[in-house]
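Student: I have a chain open and want to learn how to read its features. Can we go through it together?

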Amino acid sequence: MNKDDMTMAILAAKKKLGVSWEGLAETVGLAPVFVTSACLGMNSLKPEFADKVAGALGLDNDVSDALQQFPHKRWDQLVPTDPVIYRLYEIVGVYGETIKEIIHEKFGDGIMSAIDFSMHIDKEENPAGDRVVVNMNGKFLPYKSW
């Protein structure tokens, strides 16, 4: 089973069972963002977590095996057309240089890791309209001279 087939099986089972990403993540014992990313094919899971995902959704070992395979991280479009994903590109387009400048000012010359990284997405209720709260936490990796 490839990652695309795995994702389709997971999404179908999730819908059939009425399981939320947060509920699945709680069952698995990992963060919702990471479990969702793995189920969508962009990360891999260790065997014990992959088995929990498959078990919780009533899926067979082929799904667990596919969840354990290393992903090919790719994007099919230069600029995506899905509005939610497009807005994230827009945020980086408008604020990317600002984020880079502030990171360099506070830490020095380097980058924020997307490997030693966590992200949490929350809802903040607000009378003027509910707010999306995205918290990204990545290790600072300084560039080295040689």
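Student: Which helices do the buried residues of helix 1 pack against?

Tutor: First, the ground rules. This is a predicted model, in which local features need pLDDT of at least 70, side-chain atom pairs count only at pLDDT 80 or more, and totals for chains, interfaces and linings use all residues. Residues are numbered from 1 along each chain as its sequence is written, and side-chain values use heavy atoms, with hydrogens and water left out. Helices (H or I, at least four residues) and strands (E, at least two) are DSSP runs, numbered from the N terminus. Contact means heavy atoms within 4.5 Å. Buried means under 20% relative accessible area, exposed over 50%, and partly exposed in between (1.4 Å probe, protein chains only). Now your case: the buried residues of helix 1 pack against helix 2, helix 3, helix 4 (47-57) and helix 5 (61-68).

Student: Which residues of helix 1 are buried?

Tutor: They are Lys3, Met6, Thr7, Ala9, Ile10, Ala13 and Lys14. Look down the axis of helix 1: these buried residues fall within an arc of 165 degrees, so they line one face. The arc is taken from the directions from the helix axis to the C-beta atoms. On the other side of helix 1, Met8, Lys15 and Lys16 are exposed.

Student: Take Thr7. What is its relative accessible area?

Tutor: For Thr7 the value is 11%, so Thr7 is buried. Thr7 sits in helix 1 (residues 3-17). Leaving aside neighbours within four places in sequence, Thr7 contacts Cys39, Leu40 and Gly41.

Student: At what angle do helix 2 and helix 3 cross?

Tutor: Axes are lines fitted to C-alpha atoms, for helices over the stretch in contact, and angles run from 0 to 180 degrees between N-to-C directions. Helix 2 (residues 21-28) and helix 3 (residues 32-39) cross at roughly 100 degrees, with axes that come within 8 Å. The two are therefore roughly perpendicular. Under 35 degrees counts as roughly parallel, over 145 as roughly antiparallel, 65 to 115 as roughly perpendicular, and the rest as oblique.

Student: Which residues meet there?

Tutor: Trp21, Glu22, Leu24, Ala25 and Val28 of helix 2 meet Pro32, Val35, Thr36 and Cys39 of helix 3.

Student: And how does the whole chain read, in helices and strands?

Tutor: Count 6 helices and 2 strands. The pattern along the sequence is α-α-α-α-α-α-β-β. Of the 146 residues, 22% count as buried. Phe140 lies in strand 2 (residues 131-142).
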